[in-house]
There are 2 protein chains.
Amino acid sequence: MDKLAHNITACVVVIGNEILSGRTQDLNIAYIGKRCDELGIRLAECRVIPDVPEAIMATVDACRHLYDYVFTTGGIGPTHDDITTAVIARLFNRQLERNATAVKVMQSYYGPDNLNEARLKMADIPSGAKLIDNPVSGAPGFQIENVFVLPGVPLIMQAMFEGITDRLIGGAPMLTGSVVTGLPESVLAEGLSRLQDRFPEVTIGSYPFFRQGKLGVNIVIRTTSAGKLTEVTSDVTLLIRNLEGEVIKLP
Amino acid sequence: MDKLAHNITACVVVIGNEILSGRTQDLNIAYIGKRCDELGIRLAECRVIPDVPEAIMATVDACRHLYDYVFTTGGIGPTHDDITTAVIARLFNRQLERNATAVKVMQSYYGPDNLNEARLKMADIPSGAKLIDNPVSGAPGFQIENVFVLPGVPLIMQAMFEGITDRLIGGAPMLTGSVVTGLPESVLAEGLSRLQDRFPEVTIGSYPFFRQGKLGVNIVIRTTSAGKLTEVTSDVTLLIRNLEGEVIKLP
């Protein structure tokens, strides 16, 4: 169905009222998207949903059947609004159990005297789940089947994501190149369309931007073949020059 | 189902490979989220999907039945990868027609001599659709039933969104306040939970952040009642002081 043609797909489920209200800018989709490209996994969809049990349940259940991997972010902290872990346990019909390994890790992170009940809540993990190490702040995430439950704070999420990449099976890494010009999209459209027809296995994207009162275009070439990347990138550059445009470097 | 208790719901469908690949950081979800709060509309979900006809078709069709308003962003430019308009026309069984009003607007924006065929493609609008003015770069968006089709470039999307707010029916604006502290979430958890139980009609969110090697917490209070906002904000402040914490100002 998709020209990008990765075989392995993934979905990010961002859980959090704060993203939907616009108070917090999500940064996790972009991070996981980049890493999936490098890992040869096609990030096929992302969903942003509120901290509502029914929404988490329905969304994660739908996505785990649609995609090979599901990464959830958010809602695994110690406060009343952190409900992701309990909902995922319910989804998979697992009991929440105080996980001995998690307790040990958190004891060594916080010191044994600072492990209050709220913190210990973060050691309550669905039975049989595989822990995901948290090298930043102690409290682990976990994996059940193809669902990976990660925190929302970007720096912590990123560190934990790097700890699970060896559990993910990908394909050839997606290679991308980009050519930027001040020519309008409308002038480039016909040539880009012909180029796309000549290289159906390469994805050529045209992304206008608006900066300092002027429109420009970022042409992005995506393929798993280094040879095709070089070839199409040079063809795009040639197209721009033939249209009397300039290839510009972004600051 | 949701404590936020808006009656009117919305969904943002972000269409674009460039967001999924992490090359471009989405800014439209946060903008529309903030504006929905102000308009008394509950942004209940966002989905990010690729530039693939089947994905656009299935997602917009599902969301238009689930939510009162659907805002799509991206894929309405002049190049080969801009397929949103054609797919939405197909979804609603409408013909694409060169829209006379759109042509006129674009003639005056570009000048009659600069309206090439690629630009004119942006005047091809599904029959019977209501145009959405583009005060920045001429080419309009459109509305069919409860689906609003907007561009992806944030500055243009924002200007066009402001032009449709009078078509949207909302409720009481969502009011939000926030209190930031360096206390750990685990120390606050019990008190916040009790506060949430006392004010079930107010949403109290606890959002940890990680900055300069230290964790802090942003406690966000959301309600449509100005009185409750003041009351709960002052209770949260009191809770922090009772726990010997400091309320801090973010830079």
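Tutor: One term first: a helix here is a DSSP run (H or I) of at least four residues, and helices are numbered from the N terminus. Please also keep in mind that this is a predicted model. With that in hand, take helix H2 of chain B, residues 28-39, in which Glu38(B) and Arg35(B) are 3 residues apart and therefore separated by about one helical turn. Glu38(B) forms a salt bridge with Arg35(B), and the closest N and O atoms are 2.6 Å apart.

Student: And how do Glu38(B) and Arg35(B) count, buried or exposed or in between?

Tutor: They fall into two classes, with buried meaning under 20% relative accessible area. Arg35(B) has a relative accessible area of 16%, so it is buried, whereas Glu38(B), at 47% relative accessibility, counts as partly exposed.

Student: Which residues of chain A are linked in a network of salt bridges?

Tutor: That network in chain A links Arg35(A), Glu38(A) and Glu162(A). Elsewhere in chain A, the side chains of Glu190(A) and Arg194(A) meet in a salt bridge at 3.8 Å, N to O. Both of these residues lie in helix H8 of chain A, residues 185-198, where they are 4 residues apart, about one turn of the helix. Glu190(A) is exposed, with a relative accessible area of 61%, and Arg194(A) is exposed too, with a relative accessible area of 52%.

Student: What about Glu45(B) and Arg47(B), buried or exposed?

Tutor: Both Glu45(B) and Arg47(B) are buried, and they form a salt bridge in which the closest N and O atoms are 2.8 Å apart. Over all chains, the count by this rule comes to 22 salt bridges.

Student: Changing topic, what is on the buried side of H5 in chain B?

Tutor: Helix H5 of chain B covers residues 100-110, and its buried residues are Ala102(B), Val103(B), Met106(B) and Tyr110(B). They lie on the same side of H5(B) because they cover an arc of only 100° around the axis. These buried residues pack against strand E4 (96-98), helix H6 (117-121) and strand E6 (130-132) of chain B.

Student: Which exposed residues are on the face turned away from that side?

Tutor: The face of H5(B) turned away from its buried side carries Ala100(B), Lys104(B) and Ser108(B), which are exposed. The ends of this helix are worth a look as well: at its start, a side-chain oxygen of Asn99(B) reaches to within 3.0 Å of the backbone nitrogen of Thr101(B), and just after the helix Gly111(B) takes a positive phi of about 85°.

Student: Where is Asn146(B)?

Tutor: Asn146(B) lies in the loop of chain B between strand E7 (141-144) and strand E8 (147-150), and at 16% relative accessibility it counts as buried. Leaving aside its neighbours within four places in sequence, Asn146(B) is in contact with Arg64(B), Tyr67(B), Asp68(B), Tyr69(B) and Val70(B). With Arg64(B) there is a polar contact, in which the backbone oxygen of Arg64(B) lies 3.0 Å from a polar atom of the side chain of Asn146(B).

Notes: Residues are numbered from 1 along each chain as its sequence is written. Chains are lettered from A and ligands numbered from 1 in the order in which they are written. This is a predicted model: local features need pLDDT of at least 70, side-chain atom pairs count only at pLDDT 80 or more; totals for chains, interfaces and linings use all residues. Side-chain values use heavy atoms; hydrogens and water are left out. Buried means under 20% relative accessible area, exposed over 50%, partly exposed in between (1.4 Å probe, protein chains only). Helices (H or I, at least four residues) and strands (E, at least two) are DSSP runs, numbered from the N terminus. The arc is that of the directions from the helix axis to the C-beta atoms. Contact means heavy atoms within 4.5 Å. A polar contact is a pair of N or O atoms within 3.5 Å; within protein, one must be able to donate a hydrogen and the other to accept it, and residues adjacent in sequence count only if both atoms are side-chain atoms. A salt bridge is a side-chain nitrogen of Lys or Arg within 4 Å of a carboxyl oxygen of Asp or Glu.
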